[in-house]
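Below is a short report on a sheet and the helices around it. Please keep the sequence and the model at hand while reading.

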Amino acid sequence: MTSLSPTEPERLSEATLPNARSAVLRPDYDRTGAREGVIHFGPGAFHRAHQASYFDHLLNLDPRWAIRGVSLRSPALRDALSPQDGLYVLAELDAETRFRVIGAVKSVLVAAEAPEAVFAALINAETRIVTLTVTEKGYCLDAAGELDIAHKDIQNDLAHPAAPQSVIGWLVEGFARRRAAGLTPFVTLSCDNLPDNGRRLGGAVVRLARERGDPGLAAWISGEARFPTSMVDSITPATDAALRTRVAREVGLYDAWPVQRERFTQWVVQDNLGPDAPDLAAVGVTLTDDVAGYESAKLRLL
C-alpha cells in the first residue's frame, strides 16, 4: 500500500468520491446517518464482495444496518480502508464488468489492538446482528464437529475470558457482557462454508459458556440467542495488482484494497432472525426453513 506518485489518480474517499467516473455506481444513501447495527468478524475479500454488498443495498431502505468490521489480529484491512473512510470498489465480473463503490463498512477494528473497543461494540444496544467469515478452522471444532476444548485458543479463552483468541471466545464474552447489561442477545449468523453452520456455531458457543463455569450464561444463550444456518455462493477471485490497476483506470480513483466477484451471488438464510431483523429478503436474500436443500443443490451443481 505505497503512496501514489503525482501521476497516479487520487485516493478513493468520501471527499474524492464525486470525482469517480460517471458510470461507477456509488452509495445513494446518507452514510453519515447510517448506524452500525452489524458487526462482522473476518472482513476479508469474500465478506466485502458478498454480505457487505447485500447490506449496502439494504442501507438504501433502512439506515440501521451499516457494518463494523472486526479483524482478529491483522491491521492490514483497517490500514487500507481507514484513509478511504471505509469505501472500496467492488468489480462485478460479467460480459461487461460493473464497478460499484460499497459504503456499508463504516469502520474496522483490530481485536488484538483494541479489545475493549470490540466489547463496547458487542454490547452496543444498536448491535443486532453479528456475522462471521473466519473459515472452518476459526470455529475450533474437533473431528465430530463439536468445540475442541483442548484447542490452544479455547484454553486461552477459558483462562483469560476478557482477552479472547478465538471468535468463539469473543462471542461468549460478548454475550456475557450483554446479559450483565440487561440487553437481549444479538443474532449470530455464520457465513462460512460449513454444513449446518448455525447449529455448530451455537453448540460451540454454549459449550464454551458452560466450560467457563457459568451454567446460567450457557442457559441464557441456549434459550435466548439465535444462530441461523446460512449458505453462501459467490466466486471471488483474489485481489491482485492487476485489479488495483484496472480499478484505478476504470473508476478514476485509487483503491488500496478493491474486491472482485462474479456477477452471480446467492445468500440463503434460515428464517430464524427474530423480531426487528433486517429485511434481507428485500435485497435478494432467500429466507427459508430448508437451507440444507439449497446446500445440496449447490453441491450437485458443483
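## The sheet

Five strands form an open sheet in the order β5-β2-β1-β6-β7, with parallel pairing. Strands are DSSP runs of E with at least two residues, helices are runs of H or I with at least four, and both are numbered from the N terminus; two strands pair if DSSP finds at least two bridges between them. At the edges lie β5 (105-110) and β7 (187-190), each of which pairs on one side only. On average, neighbouring strands of this sheet are turned by 20° against each other, direction ignored.

β6 (residues 129-132) and β7 run parallel and are joined by four bridges. Leu-132 has Ser-190 in β7 as its bridge partner.

## Helix α4 on the sheet

Helix α4 (residues 115-122) packs on the sheet and touches β1 (38-41), β2 (67-71), β5 and β6. Contact means heavy atoms within 4.5 Å. The direction of α4 makes about 135° with that of β1; axes are lines fitted to C-alpha atoms, for helices over the stretch in contact, and angles run from 0 to 180 degrees between N-to-C directions.

## Two sides of helix α5

In α5 (residues 152-159), Asp-153, Ile-154 and Asp-157 are buried (under 20% relative accessible area; exposed is over 50%, partly exposed in between, with a 1.4 Å probe and protein chains only). These residues cover an arc of only 100° around the axis, which puts them on the same side of α5; the arc is taken from the directions from the helix axis to the C-beta atoms.

The buried residues of α5 pack against α6 (167-180) and α7 (197-211). Lys-152 and Ala-159, on the other side of α5, are exposed.

## Basis

The model is predicted: local features need pLDDT of at least 70, side-chain atom pairs count only at pLDDT 80 or more, and totals for chains, interfaces and linings use all residues. Residues are numbered from 1 along each chain as its sequence is written, and side-chain values use heavy atoms, with hydrogens and water left out.
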